[in-house]
Amino acid sequence: LLPQWGLGVTNLAARVTARADEVDTVELREGAAALECTLRAYRPGALAVLGVTAFRQAFGDPAARIGPRDGPIADTPVRVLPNPSGLNAHWSTEGIAAELRELADAVRGTSAGSG
């Protein structure tokens, strides 16, 4: 159903882990390269990456932080979001929801908090 709404979901690593530190940088970079090909093929309106640490490793951007990224990846605007894992307890449900709302507003081209 997601593609009919212009949405998609994928992983940078194609295996299940309990913790982000169980995936190494090589695996994340391979996933990022595959994702860039997918972005070029499908041309989505935005890319949301859950987890700033994984994003930093996968895309070689050690200064990345939560929020919109300055430059696109494969011509796609990027927003880095907090990982909703229970291990990431310093982000509240409300804080994660607010970040997701900002992404939705940016994709729709509306001001934050209007949707």
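**Questions about a predicted model**

Me: Is G86 buried or exposed?

Reply: This is a predicted model, so keep in mind that we're reading computed values. Residues count as exposed when their relative accessible area is over 50%. G86 has a relative accessible area of 68%, so G86 is exposed.

Me: Where does G86 sit, and how far apart are the C-alpha atoms of G86 and V52?

Reply: G86 belongs to the loop between β3 and α3. Along the chain, G86 and V52 are 34 residues apart.

Me: What about L87: buried or exposed, and which residues does L87 touch?

Reply: L87 is also found in the loop between β3 and α3. With a relative accessible area of 57%, over the 50% cut-off, L87 is exposed. A18 lies 69 residues away from L87 along the chain, and the C-alpha atoms of the two are separated by 9.5 Å. Setting aside residues up to four places away in sequence, L87 touches A18 and R19.

Me: How exposed is N83, and which residues is N83 in contact with?

Reply: The loop between β3 and α3 holds N83. Its relative accessibility is 28%, which falls between the 20% and 50% cut-offs, so N83 counts as partly exposed. Leaving out neighbours within four places in sequence, N83 is in contact with L50, G51, N88 and I96.

Me: What separation do the C-alpha atoms of N83 and E94 have?

Reply: N83 and E94 are 11 residues apart along the chain. The separation of their C-alpha atoms is 13 Å.

Me: Which residues have the most contacts inside the largest nonpolar core, and which elements give it two or more residues?

Reply: That core has 18 residues, and the ones with the most contacts inside it are L35, L39, L47, F55, A58, F59 and I73. The elements that give two or more residues to this core are α1 (25-42), β1 (47-50), α2 (52-59) and β3 (78-81).

Me: Which residues does I73 touch?

Reply: I73 is listed among the core residues with the most contacts. Ignoring residues up to four places away in sequence, I73 touches E36, L39, L47, F55, F59 and V78.

Me: How are α1 and α2 oriented relative to each other?

Reply: Two packed helices are described by the angle between their axes and the distance between the axes. Here α1 and α2 pack at an angle of about 80°, with their axes 7 Å apart. Angles of 65 to 115 degrees count as roughly perpendicular. That's why α1 and α2 are roughly perpendicular.

Me: Which residues meet where α1 packs on α2, and how many are nonpolar?

Reply: From α1 come T25, L28, R29, A32, L35 and E36, and from α2 come A54, Q57, A58 and F59. By class, 2 residues of this contact are polar, 2 are charged, and the number of nonpolar ones is 6.

Me: What is phi of A74, and is A74 buried or exposed?

Reply: Most residues other than glycine have a negative phi. A74, in the loop between β2 (67-68) and β3, has a positive phi near 50°. Its relative accessibility is 12%, under the 20% cut-off, so A74 counts as buried.

Me: And what is phi of D75, and is D75 buried or exposed?

Reply: D75 is placed in the loop between β2 and β3. Phi of D75 is positive too, near 65°. At 63% relative accessibility, over the 50% cut-off, D75 counts as exposed.

Me: Where is A63, and how far apart are the C-alpha atoms of A63 and T10?

Reply: A63 is found in the loop between α2 and β2. At 63% relative accessibility, A63 counts as exposed. A63 and T10 are 53 residues apart along the chain, and the distance between their C-alpha atoms is 23 Å.

Me: Which UniProt annotation covers residues 6-94, and how much of that stretch is helix?

Reply: The annotation, from an unreviewed UniProt entry, reads "domain: Uracil-DNA glycosylase-like". Over residues 6-94 the end C-alpha atoms are 25 Å apart. The chain there is 11% strand, and its helix share is 31%.

Key
Residues are numbered from 1 along each chain as its sequence is written. This is a predicted model: local features need pLDDT of at least 70, side-chain atom pairs count only at pLDDT 80 or more; totals for chains, interfaces and linings use all residues. Side-chain values use heavy atoms; hydrogens and water are left out. A nonpolar core is a set of buried Ala, Val, Leu, Ile, Met, Phe, Trp, Tyr and Cys residues joined through side-chain atoms within 4.5 Å. Buried means under 20% relative accessible area, exposed over 50%, partly exposed in between (1.4 Å probe, protein chains only). Helices (H or I, at least four residues) and strands (E, at least two) are DSSP runs, numbered from the N terminus. Contact means heavy atoms within 4.5 Å. UniProt positions are given in the numbering used here, feature names are shortened, and annotations may be inferred rather than shown by experiment. Axes are lines fitted to C-alpha atoms, for helices over the stretch in contact, and angles run from 0 to 180 degrees between N-to-C directions. Angles under 35 degrees count as roughly parallel, over 145 as roughly antiparallel, 65 to 115 as roughly perpendicular and the rest as oblique. Ala, Val, Leu, Ile, Met, Phe, Trp, Tyr, Cys and Pro count as nonpolar, Asp, Glu, Lys and Arg as charged, and the others, Gly among them, as polar.
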